[in-house]
Amino acid sequence: MERVTDTGCCMIEIDVPSHYVGREQAFVKHHFLRSYLERLVHKIASVYDQVVYVDGYSGPWKSEDEAYADTSFGIALQSLTAARKSWLEMPQRRRDVRMTAHLVEKQIGPFRELSGIGAQFPQVTVHPHQGDFVCLAPTIANSLPSRAFTFSLIDPKGFKIDLEALRPLLSRPRSEVVFNFMFDFANRFTVLPSLSNTYDRLFPGVDWRARLAAVSDDPSAGPAERKAAFLACCKDAVRAVGGFTYVADVDIRYPGKDRTYYFLVYGTRDARGIEVFRDCQVKALEAQSTIAGQMSIAKRETAGQSSLFGTEWEKPSVSHRQFLGEERAAARSTLLEIAANSPGTAWGSVWPRLLAAHAIRKTDAGAIANSLRKEAAIEFPGWPSGKRVPSDEYRVYVV
């Protein structure tokens, strides 16, 4: 549900189901995944005859929903089912798209429950696998049709994972991935020599020691700079192993706290993928900020410190708005650099680079370009009057 504040900003009122209380970070993650997969699968099914979902660490864990709607694989199977049905019922462009899911779980108890999931989703061919995902990933990759589109979710409980071993799956040319980088856990132990090999496997081919040491030796660097350097190591590793063109992330915080729990690191080769990702990221940040605001209100009321005007006047945390404003400012600088250093670059090549580097939407990129054009900082020859955003074929130059 949405309502508008006195500042004109849109607020989203979110009812967090009771089984997410205490693990609101999972709700935000699932909020993002549901939004992304619903759009991704429907769009992909317009082009590919087979769509494959791979969940490396399925569980189920703590599910309290009969249809497993509070699990990642349940959300994915619902999205696959809905997309298949939608295309089958399309009046003029009817398509019969095969939907397949490979669900992996190592522990025998959860795997027994996982084995019966397929009966609830008859429109999807479900393959449950019992074992270690890192060991099974190459076999799963070899079993996939060459022209199928694959979306992989890698959501381990910890950070001890051999990313290089996943190359056969992630490097498939028609694929995307969301990798849960357990930042807060991993960040605690980088100084332990016994875990050096663990980080070598997590960040294959990345000189993570030198990068983190450089931050530690810089007296002007703080926790934010260390976090940025650590995250960059993970993103570079995912980019290298998968051969992805665009890699981005979503910062998932501890419930009600300004502290990162984990990052969802996303890799794609398709500009349309990064466009959808950023749209869904903004929605997830809005949800996260709103939940933080609601938790703050509840905490004050529990302590007998209710708002003077009542909770209906309370606003959610605006930290995400400040963050997005900073990202738009950074994207503006990046666009000026591209126009100066690579004059004549087509807008269709520019906006995906802006979205990959900064948490902005495609509409934001177009608005930034238009603003800079009006300021006579850049120009797009042939841009007609009355047009608000550039077309992909327009070429950008610095004035």
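R95 is buried in the predicted model, with a relative accessible area of 18% (buried, under 20% relative accessible area; exposed, over 50%; partly exposed, in between; 1.4 Å probe, protein chains only). The model is predicted, with local features requiring pLDDT of at least 70 and side-chain atom pairs pLDDT 80 or more, while totals for chains, interfaces and linings use all residues. Residues are numbered from 1 along each chain as its sequence is written, and side-chain values use heavy atoms, without hydrogens and water.

R95 lies in the loop between α2 (72–88) and β4 (98–105); helices (H or I, at least four residues) and strands (E, at least two) are DSSP runs numbered from the N terminus. Beyond four places in sequence, R95 touches A45, S46, V47, Y48, D49, W87 and L88, where contact means heavy atoms within 4.5 Å. With the side chain of D49, the R95 side chain makes a polar contact at 2.9 Å (a pair of N or O atoms within 3.5 Å; within protein, one able to donate a hydrogen and the other to accept it, with residues adjacent in sequence counted only if both atoms are side-chain atoms).

The whole structure contains 17 salt bridges, each a side-chain nitrogen of Lys or Arg within 4 Å of a carboxyl oxygen of Asp or Glu. In the pair D270 and R272, the closest N and O atoms are 2.7 Å apart; D270 is partly exposed at 27%. E286 and R321 form a salt bridge at 4.0 Å, N to O. This pair links helix α10 (residues 271–302) to helix α11 (residues 319–341), across 35 residues. E286 is buried at 11%, whereas R321 is partly exposed at 24%.
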